[in-house]
Amino acid sequence: MPTLATALLQGLKDHGARELFGIPGDFVLPFFKIVEETAILPCFTLSHEPAVGFAADAAARYRSGIGVAVVTYGAGAFNVVNAVAGAYAERSPVVVVAGAPGARERASGLLLHHQARSVDTQFAVFREITCDQAVLDDPVTAPGEIARVLRSARERSLPVYIELPRDMVDVEVAPVPVLPPRAAEPDALAECAAEIVALLGRATSPVIVVDVEVRRYGIEAAVATLARRLGIPVVTTFMGRGLLQQAPDVLRGTYLGSAGDPAVTRLVEDADALLLLGVILCDTNFALSEKRFDWRHTVLAIDRSVRVGHHVYPDLPIEDLVAALLDRTEGDAAPKPRTLPPFEAYPRGLVADDRPLAPTDIATALNDLFDRHGPMPMASDIGDCLFTAMEIDNTALAAPGYYAGMGFGVPAGIGVAAATGTRPLILVGDGAFQMTGWELGNCRRYGLDPIVIVFNNASWEMLRVFQPESKFNDLSDWNFAAAAPSLGGHGERVSTRKELAAALEQAVARRGVFSLIEAMIPRGVTSRTLARFVSGLKSARDRQ
Ligand SMILES: Cc1ncc(Cc2csc(CCOP(=O)(O)OP(=O)(O)O)c2C)c(N)n1
Ligand SMILES: [Mg+2]
């Protein structure tokens with residue numbers, strides 16, 4: 001029989017995990033020993049637990065599977081809370097494996113190191129930011145508990161919490177089973193699909209809007225097929241940016257309300273039917289909408305339920321719904337042709353001259369670079385770098401567009417590189433780099449070589465655009481490029497468009513070490529998208 005540690009590791013692997021991210025501590029040392037000795041899953045240790053959570057989150061997003069964060073009790077686990085909260089908000093299935101005291105310690109009558117309020121405070125905190133939890137304190141129930149929690153992570157696409165008391169690691173247990181997915185109730189699914197097909201069939205200008213769950217459940221290709229078959233254009237939300245980049249024939253861009261491409265905004269807001277697939281109804285996706293949803297002609301599928309008009313079908317997995325819609329439209333007559341707006345235009349053709357840099361120049365240079373060398377998967381932090389990403393042609397993107405927590409970018413890029421073996425491009429502001437950019441120092445030992453663009457405006461610029469009078473937004477210049485070599489990478493500071501273009505080409509050619517390009521941007525110069533977002537928000541506030 002396996003031990004609990006090996007059964008847990010094999011169970012994680014059987015449920016789709018392909019690596020672990022973590023930082024050991026005395027409450028998980030025995031488990032980390034088994035991790036290293038068995039090599040059932042490769043383990044990437046990082047330098048600070050927020051990065052562990054962000055890396056596991058990004059790995060889950062890019063793989064459309066689970067990501068795993070292993071942390072010690074108390075100090076480690078509480079450090080990863082913010083990253084897990086962001087994963088919950090953005091529906092990313094991160095599995096938190098947290099160490100904990102053993103039975104004898106709990107009964108010692110002493111307050112334990114790393115303990116906060118009570119020994120169970122850690123469990124109480126994670127119960128708020130995970131969809132399912134298990135404490136592995138009974139060898140008989142542990143395998144079934146692990147299976148239940150891992151199925152919850154995959155079915156809900158939400159984080160889960162597994163508490164591993166350190167005296168249980170070597171206990172013999174049965175192997176962890178893989179429970180069958182809970183299928184949709186067939187009649188409900190058929191009724192729902194029929195109602196949606198009829199609603200779309202009555203419409204003359206329907207639109208499909210896609211968001212995170214279309215990636216989380218791996219149904220991008222199925223959605224593209226449905227759109228083609230019905231002749232319905234697809235747009236992404238802000239959060240869904242990067243989806244369906246393999247389907248440019250049906251994708252029309254990203255909906256940003258009054259901050260976005262006017263043709264895309266008109267397409268969505270003039271639609272007489274909306275099919276919202278995996279869409280988070282949040283402010284960053286819809287705060288700038290100039291029109292409210294008309295729920296009589298709107299369908300929303302998210303979190304295993306489907307709202308059609310003013311009634312809801314519970315417990316219908318989105319992947320089953322899309323499959324049922326495809327079944328119902330198989331062999332349908334060719335859709336009525338529609339004149340659609342051209343795919344939203346992205347800036348190209350950077351003039352490589354001595355003019356100072358603006359964020360939109362970075363987007364233009366990257367669109368040119370991707371045309372020459374092929375697209376790179378991107379990870380972006382929050383800040384103007386994320387608004388700039390909206391001007392970069394549709395390539396895969398992991399970014400905290402809704403939860404909007406800083407510090408995600410660099411660790412997420414490391415997570416993508418570790419999980420996919422691809423070379424990511426990381427976009428990060430100077431303020432966010434100050435938080436977690438130093439994790440680049442871990443690239444050397446894992447042979448990772450991301451390209452990192454630091455938008456250095458020596459400013460918390462996103463705060464300044466809303467409160468320009470505050471001096472605390474003025475940051476000093478940390479000269480990140482000069483620090484890169486000591487972290488094991490290559491750093492270069494660029495201030496003009498010509499320098500940027502050259503640095504990007506050299507970075508693409510440089511392999512085996514990370515390349516940090518520190519783009520110096522004058523304070524107060526923002527991307528076009530952020531400028532439109534800010535003016536849109538201000539006029540929306542004036543209208544209230
Ligand atoms: C963990 C956390 N703490 C504070 C904040 C609040 C914030 C939102 S945007 C911002 C400034 C970001 O500065 P940066 O230089 O990275 O980018 P840019 O604006 O383009 O100059 C702050 C402090 C958030 N969102 N998350
Ligand atoms: Mg900044």
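**Entry 1: the pocket.** I began with ligand 1, and the space it takes turns out to be the largest pocket. A note to myself before going on: this is a predicted model, so I am reading computed values throughout.

**Entry 2: who is around the ligand.** I looked up the shell and found 16 residues around ligand 1. Asp384, Ala404, Asp430, Gly431 and Met462 come nearest. Helix H18 covers 430-436, and both H18 and H20 supply at least two shell residues each.

Entry 3: I went through the N and O atoms next. An oxygen atom of ligand 1 sits 2.8 Å from a side-chain N or O atom of Asp430, a residue I had already listed among those that come nearest. Another look, this time at backbone atoms: Glu461 has a backbone N or O atom 3.1 Å from an oxygen atom of ligand 1. For Met406, I noted a polar backbone atom 3.1 Å from a nitrogen atom of the ligand. How much of ligand 1 does the protein bury? Taken alone the ligand exposes 590 Å², and 78% of that is buried by the protein.

**Entry 4: a surface patch.** Met406 came up again when I checked the surface. Together with Met435, Trp460, Leu463 and Phe472, Met406 forms a nonpolar patch there, with about 490 Å² of accessible area in total. I traced Phe472 to the loop between helix H20 (461-464) and helix H21 (480-483).

**Entry 5: salt bridges.** I found 33 of them in the structure. I picked one to follow: Arg148 with Asp132, whose closest N and O atoms are 3.0 Å apart. Arg148 is in helix H8 (residues 142-156) and Asp132 in the loop between helix H7 (121-127) and strand E5 (133-135), so the pair ties together parts 16 residues apart in sequence.

Note on methods
Residues numbered from 1 in each chain as written. Chains lettered and ligands numbered in written order. Predicted model: local features only at pLDDT ≥ 70, side-chain atom pairs only at ≥ 80, totals over all residues. Heavy atoms only, no water. Patch = residues over 30% accessible without salt bridge, like charges linked within 9 Å, V, L, I, M, F, W, Y side chains within 5 Å. Areas by Shrake-Rupley, 256 points an atom, 1.4 Å probe, with all protein chains shown as cover. Salt bridge = Lys/Arg side-chain N within 4 Å of Asp/Glu carboxyl O. Helix = DSSP H or I, 4+ residues; strand = E, 2+ residues; numbered from the N terminus. Near = heavy atom within 4 Å. Polar contact = N/O pair within 3.5 Å; in protein donor to acceptor, adjacent residues only side chain to side chain. 1 Å grid on protein atoms, 1.4 Å probe; cavity = no way out; pocket = protein on both sides within 12 Å on 5 of 7 lines; lining within 4 Å. Sits in = over half its atoms within 2 Å of the grid points.
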